[in-house]
Amino acid sequence: MAFLTPTDRSTDWILLNNLSLTTISGPSQWSNKPGSSLAPQPTFISVGIPFSIALAGGTDHLPHSIHYGNLAKLVQKTATQGQFGCTEQLAVQVAEAALKGFEKDGMEEVHVVVEKPKALLHAKSAGVRVVRRTSSSAVGRGEGEADEQFDQILVKDLELAAIIGIHPWERELKQKVTVNLTIDVRRWDSSTGSPDGFDCGALVNRVSEHVLNSSYQTVEALVTSIAESAFQQEATSSNATHSSNTVLRITVGLSKPSALMFADSPEIIITRTPSDFALRAISTSATTGVEEHSPENVVAAIAFGSNIGDRFVNVELALRSLEAHSEVKVLETSFLYESTAMYVEDQRDFVNGAALISTTLKPLDLLAVLKGVEAEVGRTPTFRNGPRVVDLDLIFYNELVYSSEEVDEASGVKKLVLPHERVHEREFVLRPLADMIPHFVHPTLNLSVESLLRRVTNGGKETTLQKVMPFIQPKSLLTAEERKEEDESPYWVWGERTKIMAVINTTPDSFSDGGDHAALADAMDFVDSFIIPATSGLNYSSASTPITMLRSMVDVIDIGGHSTRPGSQGISPEEEISRVVPLIKAIRSSPNAITSRTLISVDTFRGSVAKVALEAGADLVNDVYALTREENDDILNVIKEAGCPVVMMHSRGDAGQDKDYDDLGGVIEGIRVELGKKVKRALDACVRRWNVVIDPGVGFSKTVEGNLLIVRRLGDITSPALSSSVKSTPCRSLRSCVRSAHPLGNMPVLVGSSRKSYLGKVIRRVHLSAKERDAATIAAHTAAIMGGAEVVRVHDVVGGWDGVQVADGLWRSRSSRAAK
């Protein structure tokens with residue numbers, strides 16, 4: 001029986017398959033018929049028991065096993081002696097009776113499937129699957145090991161008809177499709193479950209109506225839409241408040257029996273959670289902005305690059321010039337990448353990226369605008385494929401295929417080919433485009449951007465690009481004056497080595513170091529302690545050590561003047577500024593060249609504080625509320641105008657409260673949804689994608705198990721593969737691809753486990769002070785680095801340095817090669 005096929009191969013199984021009975025267990029296929037729920041109907045019950053038969057097999061003695069004959073009698077007696085309001089109630093009572101009846105025989109776990117072949121008009125059967133265990137068997141199980149938190153509603157072989165296919169003949173006639181559904185819902189029990197159970201008939205009717213009215217080209221799109229429609233309908237259902245009607249996850253299988261002559265059918269099976277579609281509503285409303293200028297508005301993809309002067313400032317100035325144009329709107333940007341020069345290799349590395357824009361300009365007029373922007377930023381003619389201050393290429397213009405060989409009199413442009421004729425061979429164009437529109441299909445090559453990227457990188461095994469994040473000083477954006485290469489903005493290369501963020505709280509009440517650095521002299525002594533010899537161990541430097549022989553253990557200093565610990569008292573913006581700005585200025589004016597050049601982060605959620613701190617010399621903003629604490633957009637606008645990086649952390653307000661993520665499918669899915677919405681808001685406001693670092697918020701509104709799960713599954717938070725908000729089917733409309741990528745996809749991650757209270761609970765010494773959790777911090781951060789963390793935030797800099805060096809030596813490929 002497919003629904004009861006054992007998935008755990010580490011133990012033996014005893015199965016009772018398809019026991020045929022007559023039961024009274026909820027509505028039949030004619031649910032609108034009076035008395036339907038009280039009518040006897042055919043029922044099949046299957047039972048699965050994970051149980052070692054080694055002893056019985058070795059002795060050939062039945063008492064050492066579960067007597068399946070007695071099991072069948074017990075199931076029959078339980079199912080036929082009484083009336084059940086719903087299928088769930090029948091399945092649970094069978095499971096409980098089996099556990100009680102065979103507990104003395106060693107039964108600790110039972111799986112029960114109840115199927116009713118006459119429950120639905122157009123399906124082979126509807127049913128439920130439950131797993132129940134004895135209380136003793138649940139002890140010691142880790143999170144994610146048990147199926148105890150949900151039951152499953154089963155719909156088998158729902159036969160419908162739909163317009164589905166890419167061929168002309170498939171667009172004329174409906175063809176048969178077969179749908180199978182497995183719906184994870186909250187555990188049913190007599191005290192909390194709806195007496196009527198999950199309304200399977202209503203959901204199937206909605207799915208059936210959706211399929212019958214659909215007209216998709218691909219099975220992939222149809223099966224995804226079925227899952228999405230099920231969740232959307234669930235959210236508006238009048239029964240959504242009942243725990244047994246809350247859909248936690250759905251698996252949809254869809255096959256086309258008529259598609260292939262010599263095979264039964266092709267089939268697609270997907271599994272989705274509510275979080276996979278939680279961003280769709282925002283995406284829909286946000287995308288309407290694409291059409292706000294005029295009915296003729298189109299979407300275009302622009303690629304840009306620079307390798308002369310301050311490459312990062314050149315790129316930013318070019319984008320700002322585009323944003324200032326009345327007929328151009330920048331919709332979203334890619335990450336930034338550093339790439340070796342292509343075609344003419346004897347030149348400096350480029351910085352490359354891409355942007356999507358909406359415009360009412362015609363192709364040649366748009367190209368003229370791009371050339372005007374290049375000239376405004378400072379580009380002068382050189383040889384073909386040679387160095388340039390900035391280069392703006394028009395890659396896609398909607399789905400237009402276009403070629404202009406002659407000079408256009410209005411624009412003065414000589415030539416334009418759309419799509420760009422060399423896009424398919426350029427990783428430095430394809431990779432940034434894949435950040436935004438991975439599934440957009442090239443209009444003439446008929447391959448998605450993602451597929452083209454795989455081809456040019458040998459399936460992702462070969463790359464010449466490095467993802468980077470620049471730290472641009474706002475004053476650099478005031479004019480387009482020529483800048484020398486040696487004056488370029490500092491930048492980080494992601495994936496090269498783990499970055500260390502050192503925490504300095506100038507507060508009297510922070511949980512870990514409150515009061516330690518409130519005095520400016522104490523704070524500067526701590527900053528100076530970060531300097532070590534560049535070629536030896538951690539012997540502290542002396543005043544006579546040459547500056548060329550020194551380095552800092554930290555990559556950025558995070559200065560906070562407002563405590564966010566649970567129960568902390570608020571302070572005014574003026575008080576916060578008075579705490580952080582003097583230290584920023586002291587670091588910038590330090591006589592030690594290494595200290596004065598160290599990057600500075602300001603830990604604040606206030607726009608007024610961030611603005612003053614950036615003007616004083618800070619390089620980035622670290623916001624525990626992800627730019628959403630203020631009712632206005634002050635801090636969001638400050639970040640946008642400064643063009644600086646920002647760390648956006650997941651939180652829910654008071655760090656010690658609101659730790660339940662069940663309705664979102666767990667803490668990982670909860671972070672993806674809640675932080676994803678905030679990041680999306682920032683990206684929609686034209687904060688550059690390359691300027692965003694995310695922090696999953698360890699210790700903020702998370703349980704101990706939730707914090708551990710974050711570290712254990714860190715890569716899942718930013719994995720595009722886990723989200724169907726990233727269109728999983730080829731997309732032939734550029735407009736439809738706008739803002740379709742998951743906001744957290746491939747984002748660099750900062751982890752701040754340092755001295756958090758959950759570590760004390762994990763090591764079972766909750767009485768320890770925060771400073772006594774440094775060893776546990778190193779272990780947590782080592783695990784985070786193994787999971788892909790790019791930045792770790794530490795209080796103990798020396799211990800943090802040691803841990804990062806070892807972790808990088810183990811897991812960062814370049815560090816490992818250097819160590820060898």
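Contact here means heavy atoms within 4.5 Å. With that noted, I opened this predicted model.

**Entry one: the whole chain.** I looked up the secondary structure and found 23 helices and 28 strands. I then checked burial: of the 820 residues, 54% count as buried. For contacts with a separation of 6 or more, I saw that 71% come from residues 24 or more positions apart.

**Entry two: H9 beside H10.** Two packed helices are described by the angle between their axes and the distance between the axes, and I looked up both. Helix H9 covers residues 427-436 and helix H10 covers residues 449-456. Their axes come within 9 Å and cross at roughly 140 degrees. Angles over 145 would count as roughly antiparallel, so H9 and H10 are oblique to each other. I also noted that H9 passes H10 in a left-handed crossing.

Which residues in H9 and H10 meet? From H9 I listed Glu427, Leu430, Arg431, Leu433 and Ala434; in H10 they meet Val449, Leu452, Leu453 and Val456. Sorted by class, this contact has seven nonpolar residues, two charged ones and no polar ones.

I moved on to residues 573-588, a helix of 16 residues. From its first C-alpha to its last, H12 reaches 22 Å, close to the 22 Å expected at 1.5 Å a residue. I wrote down its buried residues: Glu576, Arg579, Val580, Val581, Leu583, Ile584, Ala586 and Ile587.

What do the buried residues of H12 pack against? I found three strands' names to note, E19 (499-505), E22 (556-560) and E23 (599-603). The helices on my list are H11 (520-528), H13 (593-597) and H14 (607-616).

Notes. Residues numbered from 1 in each chain as written. Predicted model: local features only at pLDDT ≥ 70, side-chain atom pairs only at ≥ 80, totals over all residues. Heavy atoms only, no water. Helix = DSSP H or I, 4+ residues; strand = E, 2+ residues; numbered from the N terminus. Expected span 1.5 Å × (residues − 1). Buried < 20%, exposed > 50% of the residue type's maximum accessible area, 1.4 Å probe, protein only. Axes fitted to C-alpha atoms, helices over the stretch in contact; angles between N-to-C directions. Parallel < 35°, antiparallel > 145°, perpendicular 65-115°, else oblique. Left-handed = near helix turned anticlockwise from the far one by under 90°. Nonpolar A, V, L, I, M, F, W, Y, C, P; charged D, E, K, R; others polar.
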